[in-house]
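This report concerns helix packing and nonpolar cores. Please consult the sequence and the structure shown below.

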Amino acid sequence: MKVFVTGVGGQLGFDVMNRLKAKGHEPIGSDILDSSEFSNYVKLDITDEIAVKSVICDITPDVVIHCAAWTAVDAAEDEENTEKVFKINAKGSENIAKACKELDCKMVYISTDYVFDGQGETPWDPDCKDYAPLSVYGKSKLEGEKAVSSILDKYFIVRIAWVFGLNGKNFIKTMLNVGAKYDTVRVVCDQIGTPTYTLDLARLLVDMVETEKYGYYHATNEGGYISWYDFACEIFRQAGYNTKVVPVTTEEYGISKAARPFNSRLDKSKLVKNGFEPLPDWQDALSRYLKEIEQSGTN
């Protein structure tokens with residue numbers, strides 16, 4: 001199976017490429033940069049509709065796994081960035097969906113818990129349409145969802161949260177760096193969700209595209225819902241740090257420009273109902289990730 005992957009310079013795209021190769025598929029990667037460590041690579045600006053159509057139609061993939069996105073949540077709130085955020089996350093995704101429509105190929109769109117308002121304590125169902133994103137990032141990703149679902153029939157819209165992987169910045173790397181410098185750190189305790197290890201998610205996405213079980217899905221690691229405070233405590237415990245973690249509310253923390261969801265609980269039961277293997281527990285994922293970054297020296 002020939003698979004075109006966008007955003008291979010990021011955490012998820014990087015792991016998706018490697019997973020596809022390991023499964024014997026033919027992955028072709030893309031990103032906006034000139035070079036990549038992958039041999040099958042095409043430079044592509046997804047906001048350029050003509051270029052997107054030309055590249056994808058020339059490659060003629062069976063599937064496009066769309067990982068490219070603007071993910072700097074706070075920077076998206078800056079007025080000078082808003083147009084660019086929507087151009088990448090909404091218009092860029094629409095461009096890819098149009099090319100997929102022309103080829104009649106499958107598409108995976110990676111979305112986020114930020115498309116919901118993050119209120120309450122009930123886990124969000126993947127087919128829930130009670131959208132009320134609080135941030136520019138969330139609004140732009142929702143527009144991307146709508147573009148994909150309105151243009152295509154053969155789509156997987158997969159919402160994830162609290163992402164960590166080898167090839168990029170994330171909460172775990174931040175905690176390890178901060179914990180090595182300071183005896184005490186303050187971490188938010190009233191935002192609840194579950195982490196997502198890109199290595200595990202990549203396996204699931206490849207499993208998905210090998211089927212025709214299209215629709216909306218939620219995919220994070222298993223192991224129950226936690227707060228960022230809980231996550232930080234477990235990071236330091238597994239890493240062997242003695243750093244003290246002080247729980248604070250979002251209001252007390254008071255740094256973020258963008259509104260964060262308090263409730264990022266995502267209901268993942270649809271995965272099992274449709275025959276997909278859930279992601280491992282987040283504690284196990286964290287353990288494997290710490291070994292991965294230690295071996296790679298990327299911390």
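Helix α7 passes helix α10 in a right-handed crossing, a term used where the near helix is turned clockwise from the far one by less than a right angle. The model is predicted: local features need pLDDT of at least 70, side-chain atom pairs count only at pLDDT 80 or more, and totals for chains, interfaces and linings use all residues. Residues are numbered from 1 along each chain as its sequence is written, and side-chain values use heavy atoms, with hydrogens and water left out.

The contact (heavy atoms within 4.5 Å) is made by Phe231, Glu234, Ile235, Gln238 and Ala239 on α7, and by Trp282, Gln283, Leu286, Ser287 and Leu290 on α10. By class, this contact of α7 with α10 has six nonpolar, three polar and one charged residues; Ala, Val, Leu, Ile, Met, Phe, Trp, Tyr, Cys and Pro count as nonpolar, Asp, Glu, Lys and Arg as charged, and the others, Gly among them, as polar. The two pairs are set out below.

| Helix pair | Axes come within | Crossing angle |
|---|---|---|
| α7 (residues 228–239) and α10 (residues 282–296) | 10 Å | roughly 45° |
| α3 (residues 79–103) and α4 (residues 136–151) | 9 Å | roughly 15° |

Helix α3 is therefore roughly parallel to α4, the cut-off being an angle under 35 degrees. Axes are lines fitted to C-alpha atoms, for helices over the stretch in contact, and angles run from 0 to 180 degrees between N-to-C directions. Helices are DSSP runs (H or I, at least four residues), numbered from the N terminus. The crossing of α3 and α4 is right-handed. Among the residues in their contact are Val85, Phe86, Asn89 and Ala90 of α3, and Ser140, Gly144 and Ala147 of α4. The residues of this contact divide into nine nonpolar, five polar and six charged.

**Ser140**

Ser140 belongs to α4 and counts as buried because its relative accessibility is 0%, the cut-off being under 20% relative accessible area with a 1.4 Å probe, protein chains only. Leaving aside residues up to four places away in sequence, Ser140 touches Val85, Phe86, Asn89, Ala90 and Tyr109.

**Nonpolar cores**

A nonpolar core is a set of buried Ala, Val, Leu, Ile, Met, Phe, Trp, Tyr and Cys residues joined through side-chain atoms within 4.5 Å. The largest has 60 residues, of which Ile65, Val158, Leu205 and Phe231 touch the most other members. Helix α6 (residues 198–209) supplies the largest share of this core, seven residues. A second, separate core of 32 residues includes Ile56, Val73, Leu152 and Tyr155.

Technical notes: Helices (H or I, at least four residues) and strands (E, at least two) are DSSP runs, numbered from the N terminus. Buried means under 20% relative accessible area, exposed over 50%, partly exposed in between (1.4 Å probe, protein chains only). Angles under 35 degrees count as roughly parallel, over 145 as roughly antiparallel, 65 to 115 as roughly perpendicular and the rest as oblique.
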